[in-house]
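Subject: Handover of a structure

Dear colleague,

Please find the structure below, together with an account of what was found in it. I would be grateful if you would read the two side by side.

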Amino acid sequence: MDARIVVLPGDGIGPEVVAEGVRLLRAVADRHGHHFVLEEHPIGGAAIAAAGSPLPESTLHACRTAAAVLLGAVGGPPWDDPNAPVRPEDGLLALRRELGLYANLRPVKVLGELMEGSPLRPERLQGVDLLIVRELTGGLYFGQPRGREVVDGQRTAVDTLKYSEEEIRRVVQLAFEFAAQRRKLVTSVDKANVLESSRLWRQVAQEVSTSFPGVRLEHQLVDAAAMRLVSNPRAFDVIVTENLFGDILSDEASVLVGSLGMLPSASIRADALGVYEPVHGSAPDIAGQGIANPLGAILSVSMLLRHSLGLEQEAAEVELAVEAALAGGARTVDLGGAPALTTAQMGEAVVSRLATRAPA
Ligand code: IPM
Ligand code: MN
């Protein structure tokens, strides 16, 4: 297969973990005779420094026309001034918005190998395998009006939580499609006891569910869902929720797998284009040290192979190689490695497991 893949390393540990994702992509291409053209572009703080914009037009154009995008992370202390006119995060948000990537998939699967790394009791973690489907281009992140003004001498700020029924329908529909392939339960998370937008969300979710008679729908308030995520995480199959609730719940869910460094994500839309990125962010505290866990990026590559390129076998091979590396004792520092592997050593550990399996 021929595919042009855009690589956006970004800031902090982004470039370090993305380098391991790229190493893996090259190894997969070699093994299976694919021809991946990898094209690197700036985003985030790195792009502000290089081009004066967190999402230069050339980067956006490259992404629009690519088969898939692999992204590291954006943001960091140099750009944290609350009065800054432009922030690295704006580049990521604009990319999601401009590409219309309305669904963010964050799978959370607890591997037996890593259970001791979680602060939760192993009996609660056994068999946890859930998928968070987070709405990504609506809600408080993008709603208008938004901004600051002085009202009656008070500095005042406003954000708007707004959803149209179509914005809700398409993401809930996607959640049902995934659930139909899994354990056939959708938990729609909202705050319908307070928010008008949540009441519409609940209504639309109910309507969508009538097209999926084989899938059960339950509604849960976000506060209760936050509690259940740590008290009984096995109860979930697919969670679908609005943008900010999904942002918060997915960081919470990362605790289940022992390290935020493990979690991949895919931001997708109706066609095959997607942006794939580890959930962990730029982690400025450990940037430049070569110790970050690249497995979130590597598992994001697996999602890229599956979702954007339709390479199911290759995707599954990557996941097996990650499990084999962990089973062989490979651990970065966040996974309690002592001695810990470096980012590059973990990348190599996965690639070498890939190579020991003969292609089918
Ligand atoms: C995420 C991040 C982003 C978000 C930030 C960096 C804008 O936290 O992908 O979860 O809030 O969506
Ligand atoms: Mn987040």
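Predicted model: local features only at pLDDT ≥ 70, side-chain atom pairs only at ≥ 80, totals over all residues.

Helix 1 (residues 14-32) and helix 10 (residues 295-307) cross at roughly 45°, and their axes come within 8 Å. Axes here are lines fitted to C-alpha atoms, for helices over the stretch in contact, and angles run from 0 to 180 degrees between N-to-C directions. Helix 1 is therefore oblique to helix 10; angles under 35 degrees count as roughly parallel, over 145 as roughly antiparallel, 65 to 115 as roughly perpendicular and the rest as oblique. The crossing of helix 1 past helix 10 is right-handed, a term used if the near helix is turned clockwise from the far one by less than a right angle, with anticlockwise giving left-handed. On the side of helix 1 the contact (heavy atoms within 4.5 Å) is made by V17, E20, G21, L24, L25 and V28, and on the side of helix 10 by A297, I298, V301 and L305. Eight of the residues in this contact are nonpolar, one is polar and one is charged. In this division Ala, Val, Leu, Ile, Met, Phe, Trp, Tyr, Cys and Pro count as nonpolar, Asp, Glu, Lys and Arg as charged, and the others, Gly among them, as polar.

Residues are numbered from 1 along each chain as its sequence is written, chains are lettered from A and ligands numbered from 1 in the order in which they are written, and side-chain values use heavy atoms, with hydrogens and water left out. Helices (H or I, at least four residues) and strands (E, at least two) are DSSP runs, numbered from the N terminus.

Two further helix pairs may be described in the same way. Helix 6 (residues 165-180) packs against helix 7 at an angle of about 50°, with the axes 9 Å apart, which means that helix 6 is oblique to helix 7. Their crossing is right-handed. Among the residues of this contact are I168, V172 and F176 of helix 6 and L200, W201 and V204 of helix 7. The contact of helix 6 with helix 7 comprises nine nonpolar, two polar and two charged residues. For helix 3 (residues 57-64) and helix 4 (residues 88-99), the packing angle is about 40° and the axes are 11 Å apart, so helix 3 is also oblique to helix 4. Here L60, C63 and R64 of helix 3 meet L95, E98 and L99 of helix 4, which gives four nonpolar, no polar and two charged residues.

Ten of them form an open sheet with mixed pairing, in the order 2-1-3-12-11-4-5-10-8-9; two strands pair if DSSP finds at least two bridges between them. Strand 2 (35-40) and strand 9 (216-221) are the edge strands, each pairing on one side only. On average, neighbouring strands of this sheet are turned by 25° against each other, direction ignored. Strand 1 (residues 2-10) runs parallel to strand 2 and is joined to it by six bridges, with I5 opposite L38.

Strand 5 (residues 129-135) has six of its seven residues buried, so it is largely enclosed by the rest of the structure. Buried means under 20% relative accessible area, exposed over 50%, and partly exposed in between (1.4 Å probe, protein chains only). Strand 5 is antiparallel to strand 4 (residues 103-109), with seven bridges, and parallel to strand 10 (residues 238-241), with four. Helix 7 lies across strand 5, strand 8 (185-190), strand 9 and strand 10, at about 170° to strand 9.

Finally, several individual residues deserve attention. N243, in helix 9 (residues 243-254), is buried at 0% relative accessibility. Cis peptide bonds join Q144 to P145, with omega about 5°, and A338 to P339, with omega about 0°. D152 has a positive phi near 50° and is exposed at 78% relative accessibility. K184, in the loop between helix 6 and strand 8, has a positive phi of about 65° and is partly exposed at 39%.

Yours sincerely
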